[in-house]
Structure formats: C-alpha cells, structure tokens
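Open the model in your viewer and keep the selection panel at hand. This tour tells you what to select next.

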Amino acid sequence: MAAVEASGSDGQGVETSVTYYRLEEVAKRNSLKELWLVIHGRVYDVTRFLQEHPGGEEVLMEQAGRDATESFEDVGHSSDAREMLKQYYIGDVHPLLVILDLPHPRRHSLRFSLSLLHGGEQILLSRAC
Ligand code: HEM
C-alpha cells in the first residue's frame, strides 16, 4: 500500500486532509528521477528542487529516500529555507505506519495516546495486506 488519505477537522471547523506515507514508500524514491526525503516527520518531494538547492545536489542525493532531519538541522538552515519546505511538502509519515516497518520486538515497547490509536485503527483497517 502506497499511502493513506485521512481527513478531519483542524479544531476550528475547517476540514483538513493529509496523505500518510510509509517509510518503505519514501525509501523507493531515492534517485534523480524521483527524490523524496523526510524532515521532522513530513515527506518532501524535492525532485524539482535538486538543481536549485544552494547547498548542491549531492547532499540531497545522500539523504534520498531517508529521514534527513538531522542533516537538515545540522546545517542550520535559515528561516527562508524552512519556508521553502512548504513548496515540496506532499504528506506525513504516520507514527503507526512507521511501527509497521519496525522489527516485531520493538513494536511492543512503544506507547501511544488513545486518540492516536483511534486514528491508527482506521488506517490499519484500510490496509491492503
Ligand atoms: C527541502 C529541503 C531543503 C531545502 C528547502 C533547503 C534549502 C536550502 C537553502 C535555501 C540554503 C541556503 C542557505 C539558507 O538559506 O539556509 C541551503 C543551503 C544548504 N543546504 Fe539545504 N535545503 C534542504 C535540504 C538540505 C539537506 C537534507 C541537506 C543535507 C545535508 C542540506 C544541506 C545544505 C548545505 C550543506 C547548504 C550550504 C550551507 C552553506 O553554504 O552555508 N540541505 N539549503
């Protein structure tokens, strides 16, 4: 399963929707043809940004298909750079979908809030496998 669509209210009555991805889906987008990365749990498609990145193509290639949070923060990107992220945002990594990718013993050592589990329940029910 590639992604899960979820929608809800933002607390002020405005409907919002988000696409959730699994890390294994992000990991497949690791080439110049299609390059995704994760920063702070959000998924970015930076394919069209590769050649424009002031820090160069190579550093993005090194993080391709991976969680690039640490390297993004290590550089100390400016607020302009953080603002630019919005242009490339395509969805979130859902915490429960991350767990599905963990080895079994580690799944048991994690705890979640009830509301998160409730949302996750709907996602798990809609899984194809
Ligand atoms: C979509 C994600 C990213 C965006 C929008 C972005 C944007 C930018 C921008 C605008 C700059 C110019 C300096 C600044 O304004 O901070 C920059 C520089 C740089 N970025 Fe990124 N960046 C991204 C991801 C990354 C990642 C994952 C790395 C991994 C190491 C990285 C490494 C660098 C480096 C090394 C520089 C040069 C810093 C310097 O010359 O002082 N960037 N980036």
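This is a predicted model: local features need pLDDT of at least 70, side-chain atom pairs count only at pLDDT 80 or more; totals for chains, interfaces and linings use all residues.

Residues are numbered from 1 along each chain as its sequence is written, and side-chain values use heavy atoms, with hydrogens and water left out.

**Stop 1: the iron**

Select the iron atom of the ligand. Its protein donors are His53 (NE2) and His77 (NE2), lying 2.0 Å from it. Donors here are N, O and S atoms within 2.8 Å of the metal (3.2 Å for Na, K and Ca); water is not among the atoms, so sites may look incomplete. The two histidines link distant parts of the chain, 24 residues apart. Histidine 53 sits in the loop between strand E4 (42-45) and H2, and histidine 77 in the loop between H3 and H4. Helices (H or I, at least four residues) and strands (E, at least two) are DSSP runs, numbered from the N terminus.

Is histidine 53 buried or exposed? Histidine 53 counts as buried because its relative accessibility is 14%. The cut-offs are under 20% relative accessible area for buried, over 50% for exposed, and partly exposed in between (1.4 Å probe, protein chains only).

**Stop 2: the pocket**

Now show the lining of the largest pocket, which has 20 residues. Phe49, His53, Leu60, Phe72 and His77 lie nearest the pocket's centre. A pocket is an open set of points on a 1 Å grid over the protein atoms alone, where a 1.4 Å probe fits, with protein on both sides within 12 Å along at least five of seven lines; lining residues have an atom within 4 Å of a point.

Colour by element next. E3 (36-39), H2 (57-62), H3 (69-75) and H4 (79-88) each supply at least two lining residues. H4 gives the largest share, four residues.

**Stop 3: the annotated span**

Select residues 18-94. The unreviewed UniProt entry annotates them as "domain: Cytochrome b5 heme-binding"; such annotations may be inferred rather than shown by experiment. The span is 38% helix and 22% strand, and its end C-alpha atoms lie 10 Å apart.

**Stop 4: two single residues**

Go to valine 4 in strand E1 (residues 3-9). Valine 4 is buried, with a relative accessible area of 6%. Its C-alpha atom is 5.6 Å from that of threonine 19, 15 residues apart along the chain.

Finish at histidine 40, in the loop between E3 and E4. Histidine 40 counts as exposed, at 53% relative accessibility. Its phi is near 50°, a positive value in a residue other than glycine.
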